[in-house]
Amino acid sequence: MTRYWWSERIGPGFTHGYEIEPLFEQRTPFQRLLIFDNPQWGKGLALDGIVQTTVGDEFIYHEMMVHVPVQGRKEPTRSALIIGGADGGVLRELLKYDSLERVVQVELDEAVLVACRKYIPEICGNWKDPRVELVIGDGARYVKEARKRGEKFDVIILDSTDPIGPAIVLFEKPFHEDLAACLSDTGVAVRQSGLPVTMPKVMPFIQKRFQDVFDKVEVYMAPMPTYGGEIAFVAGSKSKGVAFEEPSGNFEGRYYNRAIHISSFCLPTWWKKLMAEYEDDGTIPIETPSYW
Ligand code: SAM
């Protein structure tokens with residue numbers, strides 16, 4: 001298979017160039033899927049021209065998405081809900097917890113999951129684990145139905161694409177109300193909230209949506225080289241008493257550890273300014289390369 005240079009638009013007039021060997025390409029019912037190999041970052045997944053994950057730096061993102069909410073809870077985490085996450089990295093990190101009895105993963109696009117399981121198994125968690133319930137479908141519809149059933153989860157992790165295409169519904173108010181209704185009283189919900197350096201409105205917007213439904217909302221960060229800078233995570237809980245900024249356990253990952261947990265909530269001044277000055281008219285900020 002020939003190698004060629006492929007570039008991802010990161011910001012206006014700014015791209016990341018990758019020399020890639022395309023391993024698999026498909027137009028799924030929802031998006032364009034590309035699995036590639038690159039000398040620097042190894043194998044990776046791109047959806048609609050946006051890099052979702054690479055073997056080279058995925059551990060940073062997946063460890064911070066999982067261990068901050070789980071280690072941030074005082075009680076053992078018994079149930080978790082993942083929305084999106086077809087590359088399986090969030091599932092992999094969650095299944096490291098023996099306390100976990102049930103993990104529901106709701107992924108819209110089965111083709112992405114099948115391609116990741118075949119071409120990037122080193123990132124994937126084990127979907128055959130008896131604790132895992134895999135639902136192929138829309139995450140917004142799932143939480144709406146789960147709310148009616150009175151289902152509750154200790155940790156909810158939103159590992160969706162940015163606010164474009166099929167993921168837009170996951171940024172709307174009704175979804176956040178259903179999401180909060182599915183979180184246990186001592187639970188923690190977290191979602192990736194974009195890169196403030198190239199998407200300055202997404203993090204403040206999500207902070208507002210979380211503040212609509214959670215009494216406690218905090219933002220934390222981690223460096224993600226292939227995303228183009230520091231990624232923001234917004235976390236929320238129903239009670240101010242859930243001090244999820246403080247790690248309760250001693251888990252240590254390749255990136256995550258207690259000091260990283262605590263320091264990740266120390267935000268740069270300009271992020272605080274972005275949130276303080278954000279004029280929220282409820283519209284979802286579309287700040288993604290294909291719109292520049
Ligand atoms: N870590 C990546 C990032 O930060 O951009 C996200 C990785 S994961 C592959 C994103 C997944 O969200 C995709 O597989 C996509 O199909 C899924 N997704 C998008 N909209 C969805 C929806 N409404 N319900 C469930 N999954 C959805």
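This is a predicted model: local features need pLDDT of at least 70, side-chain atom pairs count only at pLDDT 80 or more; totals for chains, interfaces and linings use all residues.
Next I looked at P166, where a polar backbone atom is 3.1 Å from a nitrogen atom of the ligand. For Y227 I found a polar side-chain atom, again with a ligand nitrogen, at 3.1 Å. Then I checked the cover: on its own the ligand has 590 Å² of accessible area, and the protein covers 99% of that.

Where does the ligand sit? I found it in the largest cavity. I also looked up which elements give two or more residues to the shell around the ligand, and they are strand 4 (42-47) and strand 7 (102-107). In total I get 26 residues surrounding the ligand, with Q31, E107, D138, G139 and D159 as the closest.

Moved on to helix 5, which runs over residues 173-181. Which of its residues are buried? My list reads F175, H176, D178, L179, A180 and A181.

Last stop was D48, in the loop between strand 4 and strand 5 (50-54). I looked at its phi, which is near 50 degrees, a positive value in a residue that isn't glycine. I noted D48 as partly exposed, with a relative accessible area of 26%.

Note on methods
Residues are numbered from 1 along each chain as its sequence is written. Side-chain values use heavy atoms; hydrogens and water are left out. Buried means under 20% relative accessible area, exposed over 50%, partly exposed in between (1.4 Å probe, protein chains only). Helices (H or I, at least four residues) and strands (E, at least two) are DSSP runs, numbered from the N terminus. A residue is near a molecule or strand if one of its heavy atoms lies within 4 Å of it. A polar contact is a pair of N or O atoms within 3.5 Å; within protein, one must be able to donate a hydrogen and the other to accept it, and residues adjacent in sequence count only if both atoms are side-chain atoms. Accessible areas come from the Shrake-Rupley method with a 1.4 Å probe; for residues, only the protein chains shown count as cover. On a 1 Å grid over the protein atoms alone, a cavity is a set of points where a 1.4 Å probe fits but cannot get out, and a pocket is an open set with protein on both sides within 12 Å along at least five of seven lines; lining residues have an atom within 4 Å of a point. A molecule sits in a cavity or pocket if more than half of its atoms lie within 2 Å of its grid points.
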